[in-house]
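Trainee: Hi! Could you walk me through this one?
Mentor: Happy to. Let's have a look at it together.

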Amino acid sequence: MQESIGLYGSAAVSGFADWLQGTSASGAIKSVSWIIPLIQSVHIVMIGVVFVSCLMIVLRVLGVMRTDEPVEAVWRRFAPWLWSALAVMAATGITLVVGEPEREFGTVSFWMKMLLVAIGVSGTALYGRSLKAAAVGAPAEFPVSVRAASILIVIVWLAVIFLGRAIAYDKQVWG
Amino acid sequence: MDFPSLIQSIEASAPAQWMRTSLAAMPVVEAIHVLAGATVFGTILIVDLRLLGFPDTRRPVTRVCSEMLRLTWIAFAVSLTAGALMFAANAHTYVGNTAFRLKMLALLGAGVNMALFHGITFRKVGAWDQNAPVPRAARIAGAASILLWVAVIFLARWIGFTKGYDFKIPPHTHIDFQF
C-alpha cells in the first residue's frame, strides 16, 4: 500500500486490500495475463453505451435532438441500455477490483470515481423520475431545474470516465 | 525522408515533447481519448442498430444518420487529436506494436465499410428509409461496423498492455509489471 492519508490509506482499507489480494478469486483473475485487459475493454465498450444513452436523453430534454419523439419515448428507448450497460460495468468493475485491489484502493481517483458513480446512478434514476413528472403536463420546454440537471448529469458521467483513466496515473494527476 | 527519421522527427516535435515532459498531459489526453472514443462508438452503435432494424424501422434512417453522425465526427476529431498526441509522444514504440497495427487495420476497415455503405447502399435509401425492411447490404454494413468498432476498442486497450515491451520474456523469468 502506498503511503497515503485519509480513508483510502486507512489500515482497514489496506487490510481489506491485502485480504482480497490473497483470495483465490483474485489469484484466478491474475493467473492469465489477458483477463484484465479483456475485462477493461468490455468496461470501456460499456461506458460508451452508458454515456451516449444518457447523452441522447439529455439532448432530447434540451430540445437539441430527436424532437420528433416525446421525451418519454426517448427515455424508454435508452434507459434499458443505460441500466444494462451499467450492470455489466459493475460486474466488470468488481472483477477488476478483486483482481488488483491495491491498484484501485490505493488511489484517490478510485474513491472519487466511486463517489461520482453513486451520484451518477442515483442522479440518473431521479432524473428519469423527474422527467416523467415533468412530462405529465407535456410542457414544450422543461423547467430550468430539469435543464440544469441534464447538464450536470452529463458532467458527472464525463468525470467518471476521466477518473477511471486517472486511476492508472493517480500520483501524476493529483500530485 | 525515410520512415525511421519521420518517426524520429515526430517524437522530437514540440507537442510530443510536451506530452513527455508535462506530468498531467498523458493522463488527461488519454482520458479525453477514451471519452471521445466511447462517444464515437456509442453514437455509431445507434446508427448500426437502426440498420439492423433495431428497435424498429419507424425513425427514418436518413434522420438517424444525420443527427448521430454530426456528434460522431466531432467526437472522432477530438479522439484523433488526442490519439495523435499519444502516438507522437512515443511514436517508435507504437509503430512496431502488433495491437497498434491491428487497431489501425480495424479503423481502416471501419472507414472502408462506411465509405462503401454511403457510396453505394445509402444512395437508394429512399426506398427503405422508414417503415420498411432494411436491405441485406445495409444490415451487413451495420453488423460489420459494430464488430470493427468493438475490435478497435479492444485493440486500443491492448496497446497499453503490450507497448514498450513487445518482446519474448525468457522462460523462468519473473517480471513484475506495474500498470
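**A first look around**

Mentor: Let's start at A:Val50, which touches A:Leu82, A:Ala85, A:Leu86, A:Met89 and A:Trp157, leaving out residues up to four places away in sequence. Two residues are in contact if their C-beta atoms, placed from the backbone, lie within 7 Å.

Trainee: Before I go on, what kind of model is this, and how are residues numbered?
Mentor: This is a predicted model, in which local features need pLDDT of at least 70, side-chain atom pairs count only at pLDDT 80 or more, and totals for chains, interfaces and linings use all residues. Residues are numbered from 1 along each chain as its sequence is written, while chains are lettered from A and ligands numbered from 1 in the order in which they are written.

Trainee: What is the mean pLDDT of chain A?
Mentor: The mean is 91, and 91% of the residues of chain A reach 70 or more. pLDDT is the predictor's confidence in each residue, from 0 to 100. Over residues 1-5 of chain A, though, the pLDDT is below 50. Where pLDDT is low, the predicted coordinates should not be read in detail.

Trainee: Back to the middle. Which residues have the most contacts inside the largest nonpolar core?
Mentor: They are A:Val50, A:Phe51, A:Cys54 and A:Ile161, in a core of 81 residues. A nonpolar core is a set of buried Ala, Val, Leu, Ile, Met, Phe, Trp, Tyr and Cys residues joined through C-beta atoms within 7 Å. Buried needs 20 or more other C-beta atoms within 10 Å of the residue's own, exposed means 12 or fewer, and partly exposed is in between, with C-beta atoms placed from the backbone.

Trainee: And which helix gives the most to this core?
Mentor: H3(B) does, with 15 residues. Helices (H or I, at least four residues) and strands (E, at least two) are DSSP runs, numbered from the N terminus.

Trainee: How many helices and strands does chain B have?
Mentor: Seven helices and zero strands. Of the 179 residues of chain B, 34% count as buried.

Trainee: Last one: why does A:Lys30 count as partly exposed?
Mentor: Because A:Lys30 has 14 C-beta neighbours inside 10 Å. A:Lys30 is found in helix H2 (residues 24-31) of chain A.
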